[in-house]
Amino acid sequence: MQNSEKIWQLVDARKDDYEALSDRVWGMPEIAYTEYRSMAEHRTMLEQEGFRITENVGGIPTAVMGESGDGGPVIAILGEYDALPGLSQVAGIAEPKELERSGHGHGCGHNMLGSAALLAATAVKNYLAQAGIKGRVRYYGCPAEEGGAAKAFMVREGCFTDVDIAITWHPAAINRVDDAMSLAGARIDYTFRGRASHAAAAPHLGRSALDAVELMSVGVNYMREHMPSDARIHYALLDAGGVAPNVVQARAKVRYSIRARDLPGMNALIERVRKVADGAALMTETKVDVKTATAVSNLLGNTPLEKAMQSQLERLGPPPFDAADRKYAAEIQATLSAEDIASSYARIAMPVKKDTPLCDFVVPYGTKGVPMIGSTDVGDVSWVVPTVQARCATVAIGTPGHSWQITAQGKSGQAKKGMVNAAKVMAGLAVDALNDAALIANAKADLKARTDVLPYACPLPPDVKPPIQTYGGA
């Protein structure tokens with residue numbers, strides 16, 4: 001308890017600067033592999049705090065790492081700062097209003113995620129210096145979580161080889177230890193090539209790549225009936241072959257996101273989808289090229305770290321929201337459906353609490369609700385390092401992920417209070433680990449037991465590189 005209170009005080013002592021960092025990153029939303037300004041903001045903070053800095057981590061220009069301390073165990077705290085396309089939104093209001101037409105926005109709260117993680121790492125750095133104990137804390141500034149799989153590339157490059165435990169968090173509507181459920185996922189591009197011709201005068205000479213894309217969609221739709229119920233397949237058309245309907249489309253490209261509960265299940269679905277693509281090409285007399293863009297593993301849990309994080313959450317309690325926070329959250333809830341709000345409670349197996357716009361409780365450890373699962377590149381880290389993740393309330397209960405409502409709340413009072421609470425949870429757990437060798441040993445034993453059953457296999461093909469974007473200015 002004494003160590004927890006001390007580290008929480010160290011978080012509070014620096015929180016103003018990191019709330020400001022979160023606001024600055026919110027104001028410069030950059031999508032996967034373009035986060036040059038956001039990374040620079042984090043690098044500047046690392047430099048000001050006196051961290052030893054490593055740039056171009058894993059060969060990725062928008063990844064940065066700061067380390068402090070010497071000897072002892074290595075505690076990694078993972079941050080992110082990438083935004084989402086098309087979620088530009090004015091802050092602090094409860095209606096959809098773009099800040100920039102068709103602009104990007106922090107619709108998943110990564111402005112808070114990275115800032116709170118760096119705040120936690122800074123507090124741990126200061127704790128190590130004051131306590132005079134051996135140990136190192138690292139902040140990993142990670143880009144491109146949203147579909148870019150940056151951490152998977154970083155794992156492949158050995159960036160976490162000497163890390164003892166990894167800690168992270170995610171902005172959410174509820175306070176809880178993450179239940180370590182995510183889908184392994186791959187994003188794969190299918191490019192069909194046919195033959196152009198005049199669609200009216202000589203249609204018999206054409207072979208439509210767009211027809212192949214559509215037939216592939218039909219085949220995958222029928223396949224959905226015959227795959228595991230918790231697997232997911234969805235797609236986006238990247239190139240429809242042009243805008244002229246009187247030209248038979250000679251080239252068309254579609255990207256599929258293929259997800260399953262684990263890597264073997266994902267790989268099995270990938271093979272089946274490939275057969276559908278080959279069938280579409282056969283039917284249309286086109287050719288298909290297949291290329292993996294990115295891929296991530298499912299999350300592995302870690303019981304010792306999860307229980308230690310739960311202890312931090314319970315001792316700390318929920319964020320200290322005030323009347324102004326609850327008023328704004330209630331206004332946001334008024335834009336949501338009853339189903340939106342019920343879904344938040346269904347995930348934690350609780351009945352809906354009326355007149356509760358913000359989460360004022362901590363979910364008991366081990367609670368199992370209705371699974372509503374996405375994917376994250378934290379999964380790959382969790383296969384090579386004992387990893388744990390918190391969910392901390394920063395938005396109104398019921399706020400959908402990847403929505404304008406999250407962007408709108410990104411600079412709010414509840415966002416700031418939630419991110420500071422998250423920093424305290426992460427920093428408190430880091431200090432527990434630094435002072436308890438058994439916790440780290442037990443976490444490593446837990447990981448070994450899980451990976452002895454199914455060893456880690458990187459989901460990225462060896463020839464796939466990060467789709468790095470060259471900085472082109474603001």
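In the predicted model, helix α5 buries Ala-209, Leu-210, Ala-212, Val-213, Met-216, Ser-217, Val-220 and Met-223. These residues lie on the same side of α5, because they cover an arc of only 155° around the axis. An α-helix has 3.6 residues a turn, so residues three or four places apart point the same way. The buried residues of α5 pack against strands β7 (184–193), β8 (232–239) and β9 (251–260) as well as helix α6 (263–284). Helix α5 itself comprises 15 residues, 209–223, and its span of 21 Å from the first C-alpha to the last is close to the 21 Å expected at 1.5 Å a residue. At the start of this helix, a side-chain oxygen of Ser-208 comes to within 3.3 Å of the backbone nitrogen of Leu-210.

A further helix pair is formed by α8 (residues 323–333) and α12 (residues 413–434), whose axes approach to within 8 Å and cross at roughly 115°. The contact brings Asp-325, Tyr-328 and Ala-329 of α8 against Gly-413, Gln-414 and Lys-417 of α12, and its residues comprise two nonpolar, two polar and two charged.

Most residues other than glycine have a negative phi.

Methods. Residues are numbered from 1 along each chain as its sequence is written. This is a predicted model: local features need pLDDT of at least 70, side-chain atom pairs count only at pLDDT 80 or more; totals for chains, interfaces and linings use all residues. Side-chain values use heavy atoms; hydrogens and water are left out. Axes are lines fitted to C-alpha atoms, for helices over the stretch in contact, and angles run from 0 to 180 degrees between N-to-C directions. Helices (H or I, at least four residues) and strands (E, at least two) are DSSP runs, numbered from the N terminus. Contact means heavy atoms within 4.5 Å. Ala, Val, Leu, Ile, Met, Phe, Trp, Tyr, Cys and Pro count as nonpolar, Asp, Glu, Lys and Arg as charged, and the others, Gly among them, as polar. The expected span of a helix is 1.5 Å times one less than its number of residues. Buried means under 20% relative accessible area, exposed over 50%, partly exposed in between (1.4 Å probe, protein chains only). The arc is that of the directions from the helix axis to the C-beta atoms. A polar contact is a pair of N or O atoms within 3.5 Å; within protein, one must be able to donate a hydrogen and the other to accept it, and residues adjacent in sequence count only if both atoms are side-chain atoms.
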